[in-house]
Amino acid sequence: MTELKTSVDRETHRKLAISLFNYTWDLIEKIERSEADDESMINAAHASRFHWGLAGNPLNFARGEWQISRVYSLIGRAEPALYHANKSFDLCLNNDLGAFDLGFAYEALARAYAVQGDKQKRDENILMAKQAAQKVQEDGDKAWLLKNIDTVASLSLPKWE
């Protein structure tokens, strides 16, 4: 891999990654997003992950990939949603990141499969996400994970004609 030569220090990359992640999250939670909001959400999620790549660790990478997957699921783009969900999942497994992040990786996979219209794989990943949630020790974290899993179960699958 070619090394990026930049005058930006590691701490600045870290601050940018956090700021862009939070900005993306604000757009995710926005009730009525415009097309411009969706474009900003995609770009900010990728930019956050880019900066984490220069200043973060595998946990940051996994959460960044999860967020990118969530963004693509929200705008109905199954292929990139699934791609980034799988990256998050692999990072969780390969770095033993724990039940909370693994549960969210399964949640991202379930959401991407829902967007794709694959009910069986959606439901399989919802089940795996719920099993991971049962291993989360912190009650608040467990509740947050389960709340997000429940939003996937209520998604309507696309109707193909």
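**View 1. The crossing of H4 and H5 is left-handed.** A crossing takes this label if the near helix is turned anticlockwise from the far one by less than a right angle, and is right-handed if clockwise. The model is predicted: local features need pLDDT of at least 70 and side-chain atom pairs count only at pLDDT 80 or more, whereas totals for chains, interfaces and linings use all residues. Residues are numbered from 1 along each chain as its sequence is written, and side-chain values use heavy atoms, with hydrogens and water left out. Helices (H or I, at least four residues) and strands (E, at least two) are DSSP runs, numbered from the N terminus. The axes of H4 and H5 come within 8 Å and cross at roughly 160°. Axes are lines fitted to C-alpha atoms, for helices over the stretch in contact, and angles run from 0 to 180 degrees between N-to-C directions. H4 is therefore roughly antiparallel to H5, a term for angles over 145 degrees, where under 35 counts as roughly parallel, 65 to 115 as roughly perpendicular and the rest as oblique. The contact of H4 with H5 has 15 nonpolar, three polar and one charged residues. Here Ala, Val, Leu, Ile, Met, Phe, Trp, Tyr, Cys and Pro count as nonpolar, Asp, Glu, Lys and Arg as charged, and the others, Gly among them, as polar.

**View 2. Asp96 lies in the loop between H4 and H5.** Phi of Asp96 is near 45°, a positive value in a residue other than glycine. Asp96 counts as exposed because its relative accessibility is 69%; exposed means over 50% relative accessible area, buried under 20% and partly exposed in between (1.4 Å probe, protein chains only).

**View 3. H3 passes H4 in a left-handed crossing.** The axes of H3 and H4 are 8 Å apart, at an angle of about 160°, and the two helices are therefore roughly antiparallel to each other. The contact includes Phe61, Trp66 and Tyr72 of H3, together with Pro80, His84 and Leu91 of H4. By class, the contact of H3 with H4 has 10 nonpolar, four polar and two charged residues.

**View 4. Helix H2 (residues 35-55) packs with helix H3 (residues 58-74).** Their axes lie 9 Å apart at an angle of about 170°, which makes H2 roughly antiparallel to H3. Met41, Ala45 and Trp52 of H2 are among the contact residues, as are Phe61, Gln67 and Val71 of H3. The contact of H2 with H3 divides into nine nonpolar, five polar and two charged residues.

**View 5. Thr24 is placed in helix H1.** Thr24 counts as buried because its relative accessibility is 0%. Leaving aside residues up to four places away in sequence, Thr24 touches Met41, Ala44, Ala45, Gln67 and Val71.

**View 6. The largest nonpolar core has 38 residues.** Such a core is a set of buried Ala, Val, Leu, Ile, Met, Phe, Trp, Tyr and Cys residues joined through side-chain atoms within 4.5 Å. Val71, Phe89, Tyr106, Leu109, Leu145 and Ile149 have the most contacts inside the core. Elements giving two or more residues to this core include helix H1 (10-29), helix H6 (119-133) and helix H7 (139-153). H5 provides the largest share, 11 residues. Leu145 touches Ala99, Phe100, Gly103, Phe104, Ala129, Ala133 and Val136, not counting residues up to four places away in sequence.

Technical notes:
Contact means heavy atoms within 4.5 Å.
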